[in-house]
Amino acid sequence: MIVSSFVGYRGVNIKRGGGKCKGGPGSNFPEMLVDCPSFSKPQRHMYDDTTAIDVVDLLKVFEKKNRAAVRAVDYISFRVRRGEIFGLLGPNGAGKSTTIKILTTLLPPTSGSASILGYDVVSHPLEVRKSICVVVQENAVELYLSVRNNLRTFGRFHGLTWSEIERRADGVSELFGLREHQHEKGVDLSGGLKRRVQVAKIFMIDTPIVFLDEATTGMDTFNKRATLQAIREESRKGRTIVLTTHMLDEAEELCDALAIVNHGRVIAAGSTDNVKSMGLRLLNVSLTFERLTNDILRFIHAYHPYKIETSDHSIEVKVREEEAALGILAGARQTGLLRHFEITNASLEDVFVELIDKKESVTS
Amino acid sequence: MKEVLAVMYREFLIRRTSPLWLFFDVAVPLLYLLMFGVAFDKALGLGLAIGGDSVSYNQFFLAGVLSMSCFGSAMNQSYGFFVDRDNGIFYEFLTYPMTRGQFLLGKILFQCLMSVVQCVLTLVAGVLMLEIGIQWEFLLLVFCVVIIGAAGWFFFLAIFAFLIRRNDTYNTAINVAYFLLMFLSSLFYPLENVPGWLKVLSYGNPLTWQTDALRFLTIGVGQIEFIVIESLCFGVFLLVSFWGAIRTLQRAI
Ligand SMILES: Nc1ncnc2c1ncn2[C@@H]1O[C@H](COP(=O)(O)OP(=O)(O)OP(=O)(O)O)[C@@H](O)[C@H]1O
Ligand SMILES: [Mg+2]
């Protein structure tokens, strides 16, 4: 199933606001692209009723006095389908929040374009804002208002009637365990609770697109679980969710599709399963021995594993080829010391670390 | 319109949480008039001669107090952007389904209502306690000038609140600007006999335009043709500031 695809521009100059960017667009081809039939077919805003968000060669350069300009977003392209949970992943400073700020009309792009449900974020910001709601990365709670009034004002801003506001505020208070905190002011809440209020607000309304920039940061495990469950429910109802997170297990569990960005560029993208398995074919071999000997380590090293981690009697090896995994397993059995083994696909985190590592070494 | 009302509702909820702030907001101009005005009134004795008329300092200063309270309201409201930015809520607001203009209008309209309340209290105190004669028939126009004045200054100051991102720098810059604007205007003294350079600077100051209009409407001092020109200038100042505030708000992230 095609869940996400890329469009690119080769050698096209994009003009906006008098500025001219040469050569860049289209050069940001992800190293690993999966499910991307339209990638080689340069098109601008291939909007159809299955597309929720379309980003084409987006560039954001922050110019600073007496300092080098920062290319926070460097010709990024991706498309998010309606009803999809889409993860934007990457290390600190990769450009995730900047991309979200452009998509939510907070920042204008330097060049390139992005549309939400067919509305261009620069030329139709109001229509875009009517279609979205956002949990920004920064804490955003009215410190001098009670939790209830935080929900009320949010509802008012989004045009809900008074009765609807009260009904929905009851619902989300229940869902996020805010009932007993209703009358507490934002300033008196703990960090995690503030975040809960901020996240709870987006469940007050039904905008078709939701942006979550590290929404679960600071939440305890129980509330994180409840939030993820609620996000999943919203997606089932047809809302499109775009999220950033550093919790890769969370992304793996939740996202239908994702893009991994680094230094403002997409380095991998596609359906979550495909990003995990198709591109790098990284396999995880876990072995537990009665005892670890130098011979065991020596024969494993002969397979040139990507990574080895040892602890007590266990050893975890990441390899790229299936033959290597099976060879290691066969060798381990021959030692007569093998007690337990497991071969699994690498986790999203493994893929992520490898991609970022590779990128860094190429860059350096 | 409902977007503007939503912003006003939010401002109201926040103000309601601090009755002390609300009290000072409303009462400060009154204190100015009673303490400052009375002292000068006594010191000047016979009053001021303006265009052949003699007016008491209290009468003269009334319009100045109203202008000052508009500026003060606008200044307080513009500090709110820093609080909102610190709370993070500022960024969230800008993703809500409203235009930047509606956001700014909502922010100031609540404050304009407060300015009208300030104005009523100041006028009533002026009449009852200082026996100032007021042209009541122009009361609605006085309210209009107060509202337009507060809005104009708010949009003007908002530009700097968005450009200067540091609370402390903004605080210092605005206090210096307030001091200069107050003393280079017709707020404290008539401009008829001041040195030429001061006159030129003062007549280029929107605070003078607003104060002259208020003085004309409250105590009938000034020439109508001149006041009309000054009012038009203030209108242009308001529109340009509104436009400038929207432009800088787009780049305020
Ligand atoms: N307003 C700004 N002015 C200058 N540089 C900026 C600005 N905002 C972001 N940047 C820079 O742009 C780059 C991308 O920042 P961004 O906040 O998008 O990263 P991120 O992927 O969200 O990181 P994190 O995971 O830490 O939140 C960084 O180098 C950052 O320093
Ligand atoms: Mg971020």
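Guide: Welcome! The model is predicted, so local features need pLDDT of at least 70 and side-chain atom pairs count only at pLDDT 80 or more, while totals for chains, interfaces and linings use all residues. Residues are numbered from 1 along each chain as its sequence is written, chains are lettered from A and ligands numbered from 1 in the order in which they are written, and side-chain values use heavy atoms, with hydrogens and water left out.

Visitor: What surrounds ligand 1?

Guide: A shell of 15 residues, and the closest are G93(A), K96(A), S97(A), T98(A) and H246(A). A residue is near a molecule if one of its heavy atoms lies within 4 Å of it. By class, the shell has 5 nonpolar, 7 polar and 3 charged residues; here Ala, Val, Leu, Ile, Met, Phe, Trp, Tyr, Cys and Pro count as nonpolar, Asp, Glu, Lys and Arg as charged, and the others, Gly among them, as polar.

Visitor: Which element gives the most to that shell?

Guide: That is α1(A), with 3 residues. In chain A, β4 (51-64), β5 (67-81) and α1 (96-103) each supply at least two. Helices (H or I, at least four residues) and strands (E, at least two) are DSSP runs, numbered from the N terminus.

Visitor: What makes R79(A) and D54(A) a polar contact?

Guide: Their side chains are joined at 3.5 Å. A polar contact is a pair of N or O atoms within 3.5 Å; within protein, one must be able to donate a hydrogen and the other to accept it, and residues adjacent in sequence count only if both atoms are side-chain atoms. The pair therefore meets the distance limit. R79(A) lies in strand β5 of chain A.

Visitor: Why is R79(A) called buried?

Guide: Because its relative accessibility is 7%, and buried means under 20% relative accessible area, exposed over 50%, partly exposed in between (1.4 Å probe, protein chains only). V135(A), in strand β9 (residues 132-135) of chain A, is buried too, at 0%.

Visitor: Why is the pair of Y79(B) and Y170(B) called edge-to-face?

Guide: The ring centres are 5.6 Å apart with 90° between the planes. Rings of Phe, Tyr and Trp (its six-membered ring) pair if their centres lie within 6.5 Å; planes under 30 degrees apart count as stacked, over 60 as edge-to-face and the rest as tilted. Y79(B) lies in helix α3 (residues 57-87) and Y170(B) in helix α7 (residues 167-183) of chain B, so the pair ties together parts that are 91 residues apart in sequence. Y79(B) and Y170(B) are buried.

Visitor: How do you know that W153(B) and F156(B) form an edge-to-face pair?

Guide: Their centres are 5.7 Å apart and their planes make an angle of 80°, so the pair passes the 6.5 Å and 60 degree limits. W153(B) and F156(B) both lie in helix α6 (residues 139-163) of chain B, 3 residues apart, about one turn of the helix.

Visitor: Are W153(B) and F156(B) buried or partly exposed?

Guide: W153(B) is buried, with a relative accessible area of 0%, whereas F156(B) counts as partly exposed at 26%.

Visitor: What makes R156(A) sit over the ring of W162(A)?

Guide: Its charged end is 4.2 Å from the ring centre.

Notes
Lys NZ or Arg CZ within 6 Å of the ring centre and 35° of its normal.
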